[in-house]
Every structure is written in C-alpha cells, then in structure tokens.
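This report describes selected parts of one protein chain, taking its elements in groups. The sequence and the structure come next.

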Amino acid sequence: MNIAPEIQALQADMQRWRRHIHQHPETAFEETATARLIADLLQQAGIEVHQGLAKTGIVGVLRRGNSSKSIALRADMDALRIQEQNRFDHASCHSGKMHACGHDGHCAMLLGAASYLAKHGRFDGTVYFIFQPAEECRAGAHQMISEGLFEQFPAQRFGMHNFPDVPAGHFAVKTGPMMASFDCFEITLQGQATHAAMPHLGNDVLVAAAHLITQLQTIVSRQIDPADAAVVSVTQIHGGNTWNALPDSAVIRGTFRSFKNSVREQLEQGIRHLADSVAQGFGIHAKILFNPENPGYPVTINSPEETASAIRAAIAVAGEQCVDTAPTASMGAEDFAFMLQQKPGCYIWIGNGSSGGGCLLHNPHYDFNDEILPLGAAYWVKLVENELPG
C-alpha cells in the first residue's frame with residue numbers, strides 16, 4: 001500500500017465520523033443531521049460549503065493555484081429502511097433505519113480526503129466534494145442535477161462504492177457498463193370481492209396475482225436474448241385483510257434491470273403485456289405504474305479516459321496486482337449513473353472484504369470495514385493530484 005502517513009493518521013477520525021453516521025442513520029431527503037455534521041467538518045477544514053441542493057445535499061469547494069481545471073468527487077449519505085440486527089456499540093439508534101450499504105463509510109472516506117487535501121494537498125485547480133442524499137431508490141443525484149449541480153459545479157465526476165467479497169485492499173473498475181439500470185413497477189389488480197366460501201360470485205385477484213408472478217419470470221427466460229443480462233424480481237405482494245373474504249384488489253411490486261436500453265424497453269413492454277393479458281384472462285382490470293417514486297435509474301457507464309485515470313490512481317495506492325480491470329458488472333444499480341449521463345466520469349468499487357456473517361449489502365448484519373478507510377481516502381487524494389497536477 002502507498003498511503004501517505006498523514007492520511008493513515010486520519011483513520012481514527014474517519015472511523016469516529018463513520019461510526020457516528022452509522023449510529024444515526026437518516027433516509028432519503030431526511031439527512032439533516034448527517035449533512036450538518038459534514039458541513040461542520042468541511043468548514044473546520046477551511047473548505048467552502050454550499051448547502052440546499054436536493055434539500056440536504058452538500059458541496060464542498062476547495063481551490064488551489066490558478067488552473068481552471070476541476071474535478072468532482074461524490075459520496076452518498078442516505079441509509080436504508082432496514083432494522084439493524086448488529087449488537088455492537090455503534091449500531092443504529094433509529095428503529096427501522098440502518099446504514100446497510102456503506103454510505104457512512106463513503107462519507108467518512110471523502111471527508112478524510114477533503115481534510116488531507118485542505119491541509120497538505122498538492123494540486124492546481126478546484127475540487128468539488130459532493131455529498132449526495134437519497135441514492136437508495138429516490139434518485140437524489142437526478143434531483144441535484146435538476147436543481148443546477150452541473151451549472152454551479154462543472155467538472156468530470158468520480159464515484160466510489162464499497163463491495164463485499166472484493167478483498168480488502170483491492171479495487172475493481174472497467175470501462176463501459178459497471179452497474180445495471182433500475183426500474184420499478186407496481187401492478188394493481190382490481191376485481192370483485194366475495195365471500196371465501198363463494199368464489200364463483202367474484203373475481204379472485206389473489207389467484208390472478210399468483211399466475212402473474214409466475215408469468216413475469218418468463219420474460220427473461222423466453223423473451224430476452226440469452227446473450228443479454230436481465231432480471232425481473234417481484235419484491236412485494238399485498239392483498240386481503242381477513243380469513244374468510246376474497247379481496248377486490250391486490251398489488252404486486254417489483255423491479256427490473258438490464259445493461260442495455262433496448263432490453264430495458266423490452267422488459268417494460270413484457271411486464272405491461274403480461275399484466276394486461278392475465279387480467280383479461282381472469283376477467284379483472286390491471287393498472288400498471290412504472291417508477292412511481294423515481295425516474296428510473298439508467299445504466300452506470302464509465303467513460304474510457306476517466307476510467308484510465310481511476311485505474312492509475314488505484315494502482316498508485318494499492319498496487320497493480322490489487323486492481324481488477326475486468327470485473328463482472330453488477331445487476332445492482334446506482335443513481336451516480338445520472339451524473340455520468342451528463343458528464344464523463346468513472347465509478348469504482350473498493351473491496352470491503354468477506355461477506356461472511358451477513359456482511360452483504362442491504363443485509364441487517366452489514367457493517368462497513370473501517371480498515372479500508374485510509375485506502376479510500378488515499379485513492380481520492382491520488383486521483384485529485386493526478387488530474388490537477390500542481
């Protein structure tokens with residue numbers, strides 16, 4: 001590892017910040033205390049702070065020298081609506097909310113890099129430190145962009161996410177698709193309610209829902225080219241509230257993902273067609289909504305030049321043998337993709353180590369690996385110094 005002693009010395013601070021954020025998780029567009037802590041730490045480091053984009057977003061601005069060049073580094077701030085099952089001292093104190101995806105660690109690493117660069121940074125230009133709300137399903141990046149992020153802070157964009165089962169001390173990144181698109185669907189089946197003992201007098205929406213859920217799984221296996229990756233997952237079903245009555249409605253919710261826009265369109269058309277067909281077959285009505293809570297995330301696509309820059313920085317701090325430049329793209333999704341649609345950039349994975357013991361993303365036993373905090377901060381610093389040479 002090639003990590004400056006001054007960055008290594010920040011580990012205790014980064015761990016303290018990370019664990020405080022972990023203990024006090026806040027979900028989409030509610031990250032007020034998290035944003036206040038970040039703004040205070042940036043200001044203490046002498047960094048100019050801008051607040052208010054997408055309600056709770058923070059952008060720190062650090063300038064050196066006379067160059068007009070700039071770079072933007074982004075970390076996400078929000079937690080998930082998951083009940084934490086860990087029992088350590090820094091476990092969530094907010095019932096039903098948890099940092100189960102490592103955004104607490106992402107904030108701490110970027111804060112560590114900002115602190116180092118403010119005091120020791122050797123660069124010529126402007127660094128924007130973007131702390132973004134609402135990455136989880138609510139498209140906070142899209143909101144920041146729509147409110148003027150790129151007009152106020154124009155720069156190439158770089159993002160980073162921890163990844164379980166990538167070894168600690170390693171990075172993974174490549175040009176092209178890194179993460180899949182993400183779309184949601186909600187299907188409401190409307191029929192005739194009746195007594196459970198007299199099903200012939202109504203239209204059983206629950207039986208129809210069961211058929212539809214099974215049929216949805218045929219979209220990928222029978223409609224999508226086997227050479228193209230795609231996923232359709234039903235994640236919720238709601239219907240009925242008593243033992244002896246068939247309800248008049250049922251709601252099915254889920255997600256679909258792919259790496260190509262053409263496949264994304266096929267999936268949407270397939271879901272719509274099957275919902276309408278099954279409903280017609282059972283004599284009921286289907287109402288279909290796509291992305292009722294967000295605009296749908298595009299594919300996260302890394303641009304060649306910025307990916308090469310990320311690889312150089314990662315190799316400089318971790319060593320060539322610790323940087324995987326041909327990882328398998330993930331069917332997970334990331335709203336950093338909205339930023340990459342607007343400006344070229346790169347999204348890299350930093351290894352979080354083994355997923356043993358439930359340390360998987362979006363798992364109630366997950367916790368960020370504090371040992372990788374200095375490596376993540378060192379990567380950000382090296383990226384800045386490479387792209388804005390002083």
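## The open sheet

In this predicted model, Ala 75 has Phe 131 in β4 as its bridge partner. Strands of a sheet pair through backbone hydrogen bonds, and the pairing can be parallel or antiparallel.

The open sheet has eight strands in the order β1-β2-β4-β3-β5-β17-β6-β15, and its pairing is mixed. At the edges stand β1 and β15 (323–324); each has a single partner strand, so one side of each has no neighbour in the sheet. Helix α3 packs on the sheet and touches β1, β2 and β4. The direction of α3 makes about 15 degrees with that of β2. Helix α4 also packs on the sheet, where it touches β2, β3, β4, β5 (156–164) and β17 (345–353). Between the directions of α4 and β3 the angle is about 145 degrees.

## Helix α3

Helix α3 covers residues 32–44. Its 13 residues, at 1.5 Å a residue, should span 18 Å, and the end C-alpha atoms are 18 Å apart, which agrees. Thr 34, Ala 35, Ile 38, Ala 39, Leu 41 and Leu 42 are the buried residues of α3. Viewed down the axis of α3, these buried residues fall within an arc of 165 degrees, so they line one face of the helix. An α-helix has 3.6 residues a turn, so residues three or four places apart point the same way.

The elements packed against the buried residues of α3 are α2 (11–23), β1 (48–51), β2 (58–64), α4 (103–120) and β4 (125–132). Just after α3 comes Gly 46, with a positive phi of about 85 degrees.

## The loop between β1 and β2

Thr 56 lies in the loop between β1 and β2. With a relative accessibility of 7%, Thr 56 counts as buried, because the cut-off for buried is under 20%. A polar contact of 2.6 Å links the side chain of Thr 56 to the side chain of Glu 31. Beyond its neighbours within four places in sequence, Thr 56 is in contact with Phe 29, Glu 30, Glu 31, Thr 32, Ala 35, Met 77 and Pro 133.

Gly 57 is buried, with a relative accessible area of 2%. Its contacts, leaving aside neighbours within four places in sequence, are His 50, Gln 51, Gly 52, Met 77, Phe 131, Pro 133 and Met 144. From Gly 57 to Glu 30 the C-alpha distance is 10 Å, while the two are 27 residues apart in sequence.

Strand β13 (residues 285–290) has two faces. Ala 286, Ile 288 and Phe 290 make up the covered face, and His 285, Lys 287 and Leu 289 the uncovered one. In a regular strand the side chains alternate between the two faces of the sheet. Strand β8 (residues 183–190) runs antiparallel to β13, and six bridges join them. Opposite Ile 288 in β13 stands Ile 187.

Which residues does Arg 272 touch, not counting residues up to four places away in sequence? They are Ile 288 and Phe 290, both on the covered face of β13. Arg 272 is part of helix α9 (residues 261–281). At a relative accessible area of 35%, Arg 272 is partly exposed. Arg 272 and Phe 185 are 9.5 Å apart in space, C-alpha to C-alpha, and 87 residues apart in sequence.

Most residues other than glycine have a negative phi. Ala 134 has a positive phi near 55 degrees. Ala 134 lies in the loop between β4 and α5 (140–146) and is buried, with a relative accessible area of 0%.

Asn 291 also has a positive phi, near 50 degrees. The loop between β13 and β14 (300–302) holds Asn 291, which is buried at a relative accessible area of 16%.

Terms used. Residues are numbered from 1 along each chain as its sequence is written. This is a predicted model: local features need pLDDT of at least 70, side-chain atom pairs count only at pLDDT 80 or more; totals for chains, interfaces and linings use all residues. Side-chain values use heavy atoms; hydrogens and water are left out. Buried means under 20% relative accessible area, exposed over 50%, partly exposed in between (1.4 Å probe, protein chains only). Helices (H or I, at least four residues) and strands (E, at least two) are DSSP runs, numbered from the N terminus. Two strands pair if DSSP finds at least two bridges between them. The expected span of a helix is 1.5 Å times one less than its number of residues. The arc is that of the directions from the helix axis to the C-beta atoms. Contact means heavy atoms within 4.5 Å. Axes are lines fitted to C-alpha atoms, for helices over the stretch in contact, and angles run from 0 to 180 degrees between N-to-C directions. A polar contact is a pair of N or O atoms within 3.5 Å; within protein, one must be able to donate a hydrogen and the other to accept it, and residues adjacent in sequence count only if both atoms are side-chain atoms.
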